[in-house]
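I set out below what I looked up in this structure, entry by entry. Each entry takes up one topic.

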Amino acid sequence: MKLRSRLARFQVNKLYIRMLLCFLSLLLPIIIVGVIVYVQNIHIQKKELEEKAASNLNFSAKSIDTFLHIAETSETDFLQSHIVQQNLRPVDLLTDRQREQTASIIQQLSFYRAIGSSFIDELFVYLDDQQIYRSDGVETFHDFFEKFNRFDQYPLSFWDSLRRTGQPFDVLAPSPVEKTFYTNKMTVIPLVTVQYLNGRKTAVVADISARAILQTLNTNNVYDSAWSLVLDPKGEPIVSGPGETFTDDPKQLRAIRGRFANPHVKFADMTIGGVSYLVTRSVSATYGWQYFFFIPAFEYKKQATGILSMTVWLCVILLVIGVAFSLLFSRRLYHPIRNIRDILLQQDPLPESASHNEFELIGTGIRRLLENQLRLTRYSLDYVDQLLTALIAGQNPEDKTALHDALQELGFTDGPYQCVAIQLQFNEPFVQDIPDGDRLVMLKQVKKVLWVLLRQELPAYLMEYRHLLFIGVCSIRDPQDREKLRRALDTILRTFDYDLQYCRLYIGIGGAKRRLEELFQSYNEAMTAIAHRPTDSSLAVIDSAELKMENHYYYFLADERRVINCLKVGDPELLHRTVTEIVEVNRQKGVSLRYMGILLTELFYTGNKFLAEQRQHAGQLLSEEEWDKLCRGMEAPFEFEARLQLLHDYFHEIIRRTAPKEEASGSPLVPAILAYIHENYRKDLYLEQIAAEMGVTAKYVSKIFKEKTGTNLTDYLSEVRIREAKAMLVETDLKISEIGECVGIPSRATFFRLFKKSEGVSPHDYRKRLAAEPDEKAN
């Protein structure tokens with residue numbers, strides 16, 4: 001018995017010694033593993049960054065190439081248009097009719113410039129050294145290049161020579177341009193198309209904004225500290241930024257050209273100005289431009305540096321803990337170890353054949369626990385957000401596999417997918433009653449709360465698309481999942497129901513789509529559903545399936561003519577009412593939010609068209625930010641009313657700049673109506689026809705005419721006709737029925753009735769009475 005007791009104690013002491021040695025021996029592998037993980041993590045981070053940067057750069061390059069191709073095509077289409085072919089001639093060869101068509105040529109230029117959006121800064125055409133046609137009007141050749149559009153790199157003689165000797169299509173080197181109405185110079189890249197038109201060489205030039213190219217690149221750059229560079233096929237810089245770069249240093253440029261001399265090289269590590277960069281290149285297959293991202297190396301080493309620091313601190317902590325544990329060897333540590341083993345075995349029982357050594361059992365249990373519960377996400381949430389943002393914008397991201405894999409890690413299947421839009425709006429008491437610190441904490445946690453509530457019921461991903469506008473993507477496999485989604489949304493409503501004094505919450509549900517590429521349709525439906533939120537409720541879930549929705553807008557040529565007529569008349573109240581009516585017609589027909597945004601853009605282009613006819617440009621009335629708001633697509637429901645109000649303000653400013661001065665008698669609409677009546681009273685004229693010609697409603701014409709003249713429009717028309725009939729009864733021998741037809745009253749009965757109502761006698765008696773008056777005077 002004593003021998004057995006001593007052996008047991010020896011085994012226990014041996015266990016303690018073995019535990020201590022194993023504990024301290026962990027320091028060496030931790031250091032080795034930490035260094036290996038550090039080096040490997042740098043490599044992984046760099047590789048992922050290369051893939052992400054290459055994807056973003058290729059996307060930006062293709063976007064820029066697309067806009068350049070649009071500009072090139074616009075130049076060719078302009079020259080091939082019927083109006084230009086028929087009417088664009090040298091000044092001294094223009095006929096009177098062709099001179100009258102100058103506005104049509106300018107309108108064509110404005111149209112093709114609008115197609116290029118913000119990338120085309122200026123679009124002009126010339127076929128001699130006398131005159132320049134531009135999208136804003138016509139200028140002399142000398143004034144345009146010396147005053148309105150002065151190029152630093154290209155003198156006046158260059159442009160005359162370019163037309164005569166230029167290539168069919170050429171991309172010129174960048175040049176700063178000094179414009180009359182802008183304080184600072186801007187850099188543009190001229191795209192030149194030279195073709196024969198009616199036997200003469202004609203040049204069309206589209207000035208591409210360098211700032212627009214740089215903005216497209218910087219928007220898709222991976223880090224704020226990174227910067228972009230574009231080189232032409234000869235290796236000369238086109239644009240770089242943001243901020244100051246080294247493009248003025250020939251030595252650094254030569255280094256870049258040399259490093260990427262091999263056309264197959266896409267990535268390189270370079271040290272520039274004492275800073276290490278990861279450089280990514282993409283080459284345009286169409287124009288030969290080279291696009292670069294310069295990403296500081298310290299960006300992808302940050303996370304790896306954290307791993308190295310963690311390894312050092314872990315070794316220090318383990319050393320301290322080992323020393324502390326060595327003081328406890330005299331204590332009974334076996335039971336806590338056995339408790340750990342029992343807990344692990346309860347979580348995941350091991351087979352009976354497993355080892356009975358406590359350390360081996362604990363190690364095996366921990367490994368199995370890690371294998372079952374830990375998952376490694378290969379893609380960052382920011383990258384997933386970027387891919388989803390491209391999808392809901394209707395774009396087709398190249399790396400769809402990455403998005404598919406990331407969603408599968410979150411529990412998604414292959415579809416269908418359903419989009420949910422959550423709009424949160426805070427009321428004034430939220431700012432007044434809640435301290436700043438608490439308010440900031442709450443704003444940061446809103447997304448987490450919403451995501452957790454969604455994922456409690458079904459696989460879902462949530463991103464903050466705009467401030468307090470959240471877009472969720474849910475996996476809907478069967479009707480049960482739809483019920484789970486409604487339960488999750490009801491839970492969200494109940495969660496925020498207690499804070500109605502501080503916030504309002506609206507949720508829009510889009511339709512389920514089989515493929516990820518169709519997700520933008522579900523997003524459009526969800527946003528449209530939010531746009532139809534009830535005005536009398538602070539919490540609501542709106543399902544797009546319950547709404548009448550159309551994915552096109554209603555804006556016809558007659559509507560455009562009404563808007564232009566209102567601008568010509570210069571009546572802001574009438575214009576406001578007309579635009580509002582067009583918008584309301586589309587709302588009542590269930591036009592989706594995306595196409596409502598396109599409708600506003602079309603109305604904006606109508607204003608630009610009218611301005612072009614008045615030889616003015618919208619850039620004189622709008623800031624760049626306002627221009628972008630009116631041109632870009634709809635992104636959120638709450639933006640629509642702001643854009644609509646901006647459109648109203650823009651139209652009012654057009655009227656203020658272009659409307660003729662009002663006459664003393666009242667609205668300028670009334671003189672137009674009077675002139676039209678006097679010119680056309682002999683025709684079958686009626687109220688609705690007059691209103692259609694004025695571009696307004698019959699009700700408004702009747703009302704404004706009555707207010708300004710004190711007479712009904714129909715009564716005034718009858719007075720004009722009867723006045724003319726009386727003169728014809730005296731001065732001509734025409735039959736009474738013929739006189740009625742001549743003054744626009746073909747019905748004999750109607751003519752007799754109106755005449756007798758006005759003069760008290762019939763036309764026949766009126767003629768007899770006037771014929772008898774000279775005889776009475778003679779007697």
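**Entry 1: Thr 102.** I looked up Thr 102 and found it in helix 5 (residues 102-115); helices here are DSSP runs of H or I with at least four residues, strands are runs of E with at least two, and both are numbered from the N terminus. The model is predicted, so I note that local features need pLDDT of at least 70 and side-chain atom pairs pLDDT 80 or more, while totals for chains, interfaces and linings use all residues. Residues are numbered from 1 along each chain as its sequence is written, and side-chain values use heavy atoms, with hydrogens and water left out. Thr 102 counts as buried because its relative accessibility is 17%; buried means under 20% relative accessible area, exposed over 50%, and partly exposed in between (1.4 Å probe, protein chains only). Leaving aside residues up to four places away in sequence, Thr 102 touches Tyr 133 and Val 138, where contact means heavy atoms within 4.5 Å.

**Entry 2: the chain as a whole.** I recorded 30 helices and 18 strands for the chain. Of its 779 residues, 45% are buried. Among contacts with a separation of 6 or more, 62% are between residues 24 or more positions apart.

**Entry 3: cysteines.** How many disulfides does the count come to? I took a disulfide to be a pair of cysteine sulfur atoms within 2.5 Å, and by this rule the count is zero. Cys 419 is in no disulfide, and the nearest cysteine sulfur, that of Cys 474, is 8.3 Å away. Cys 419 is buried, its relative accessible area being 0%. I also checked Cys 503, which is buried at 2% relative accessibility.

Entry 4: Most residues other than glycine have a negative phi. Asn 198 is in the loop between strand 7 (186-197) and strand 8 (200-209). Leu 468 is in the loop between strand 15 (460-466) and strand 16 (469-475). Are these residues buried or exposed, or in between? Asn 198 is partly exposed at 41% relative accessibility, whereas Leu 468 is buried at 9%.

**Entry 5: Arg 466.** I found Arg 466 in strand 15. Arg 466 is partly exposed, with a relative accessible area of 27%. Its C-alpha atom is separated by 9.4 Å from that of Gln 423, which is 43 residues apart from Arg 466 along the chain.

**Entry 6: helix 6 and helix 7.** Two packed helices are described by the angle between their axes and the distance between the axes. For helix 6 (residues 141-148) and helix 7 (residues 156-165), I noted an angle of about 130 degrees and axes 10 Å apart. The axes are lines fitted to C-alpha atoms, for helices over the stretch in contact, and angles run from 0 to 180 degrees between N-to-C directions. The two helices are therefore oblique to each other; angles under 35 degrees count as roughly parallel, over 145 as roughly antiparallel, 65 to 115 as roughly perpendicular, and the rest as oblique. The crossing of helix 6 and helix 7 is right-handed; a crossing is right-handed if the near helix is turned clockwise from the far one by less than a right angle, and left-handed if anticlockwise. Helix 6 makes the contact through Phe 141, His 142, Phe 145 and Glu 146, and helix 7 through Leu 156, Trp 159 and Asp 160.

**Entry 7: helix 19.** The 13 residues of helix 19 (residues 557-569) should span 18 Å at 1.5 Å a residue, and the end C-alpha atoms are 18 Å apart, which agrees. The expected span is 1.5 Å times one less than the number of residues. The buried residues of helix 19 include Val 563, Ile 564, Cys 566 and Leu 567. Among the elements covering the buried residues of helix 19 are helix 20 (572-588), helix 21 (593-613) and helix 24 (669-680). Just after helix 19, Gly 570 has a positive phi of about 80 degrees.

Entry 8: Helix 27 (residues 713-731) has 19 residues and reaches 27 Å from its first C-alpha to its last, close to the expected 27 Å. Its buried residues include Leu 713, Tyr 716, Leu 717 and Val 720. An α-helix has 3.6 residues a turn, so residues three or four places apart point the same way. Helix 24 packs with helix 27 at an angle of about 40 degrees, the axes being 10 Å apart. Helix 24 is thus oblique to helix 27, and their crossing is right-handed. Which residues of helix 24 meet helix 27? I found Ile 673, Leu 674, Ile 677 and His 678 of helix 24 meeting Leu 713, Tyr 716, Leu 717 and Val 720 of helix 27.
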